[in-house]
Amino acid sequence: VGDRPVAAFPLYLAYVPICFLSGFLPLGGMEVLYVQLLSRAGGLGPEAAALSLSLMSRLVQLIWALPGGLAILTGQIALRPPGGAEEPAAEVHAQV
């Protein structure tokens with residue numbers, strides 16, 4: 001974000017992890033924080049550029065999640081242990 005990428009890099013390294021941590025906020029929370037920190041507080045460029053960067057971050061997160069989602073949907077990763085075995089804690093309580 002901005003016209004001085006080398007000078008902006010330390011601010012980027014400081015602000016982007018904070019913005020990623022805000023990703024658990026309801027939809028729009030991370031985007032607002034990107035605009036507030038990168039555009040307004042950091043003065044690194046226009047608000048539209050900070051918003052675009054935040055949306056690209058969301059897109060990267062979705063792309064990272066695709067392989068795991070596809071593995072579960074195709075059945076390559078089982079969500080339950082094979083054979084339907086119960087939890088060991090249930091057997092301990094039954095023996096007592």
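Modeller: Let me begin with a term: contact, or touching, means heavy atoms within 4.5 Å. Please also keep in mind that this is a predicted model.

Biologist: Fine. Leaving out residues up to four places away in sequence, what does Glu31 touch?
Modeller: With those sequence neighbours left out, Glu31 touches Leu51, Ser54, Leu55 and Arg58. With one of these residues, Arg58, the side chain of Glu31 also makes a polar contact of 3.0 Å.

Biologist: And where does Glu31 sit, and is it buried or exposed?
Modeller: Glu31 is placed in helix α2, and it counts as buried because its relative accessibility is 9%, where the cut-off for buried is under 20%.

Biologist: Changing topic, which residues make up the largest nonpolar core?
Modeller: That core has 11 residues in all, namely Ala8, Tyr15, Val16, Cys19, Met30, Tyr34, Val35, Leu37, Leu38, Leu44 and Ala50. The elements that contribute two or more residues to this core are α1 (5–21) and α2 (29–41), and the largest share, five residues, comes from α2.

Biologist: Why would such residues gather like that, in general terms?
Modeller: In soluble globular proteins, nonpolar side chains tend to be buried together.

Biologist: Take Cys19 from that list; what does it touch, again not counting residues up to four places away?
Modeller: On that count Cys19 touches Met30, Leu33, Tyr34 and Leu37. The backbone oxygen of Cys19 also lies 2.5 Å from a polar atom of the side chain of Ser22.

Biologist: Where is Ser22, and is it buried or exposed?
Modeller: Ser22 is in the loop between α1 and α2, and it is classed as buried because its relative accessible area is 6%. Apart from neighbours within four places in sequence, Ser22 is in contact with Gly29, Met30 and Leu33.

Biologist: One more thing, how many aromatic pairs are there?
Modeller: The count comes to one aromatic pair. Phe9 and Tyr12 form that pair, which is stacked, with 6.4 Å from centre to centre and 20° between the planes.

Biologist: Where do Phe9 and Tyr12 lie?
Modeller: Both lie in helix α1, three residues apart, which is about one turn of the helix.

Definitions and conventions:
Residues are numbered from 1 along each chain as its sequence is written. This is a predicted model: local features need pLDDT of at least 70, side-chain atom pairs count only at pLDDT 80 or more; totals for chains, interfaces and linings use all residues. Side-chain values use heavy atoms; hydrogens and water are left out. A nonpolar core is a set of buried Ala, Val, Leu, Ile, Met, Phe, Trp, Tyr and Cys residues joined through side-chain atoms within 4.5 Å. Buried means under 20% relative accessible area, exposed over 50%, partly exposed in between (1.4 Å probe, protein chains only). Helices (H or I, at least four residues) and strands (E, at least two) are DSSP runs, numbered from the N terminus. A polar contact is a pair of N or O atoms within 3.5 Å; within protein, one must be able to donate a hydrogen and the other to accept it, and residues adjacent in sequence count only if both atoms are side-chain atoms. Rings of Phe, Tyr and Trp (its six-membered ring) pair if their centres lie within 6.5 Å; planes under 30 degrees apart count as stacked, over 60 as edge-to-face and the rest as tilted.
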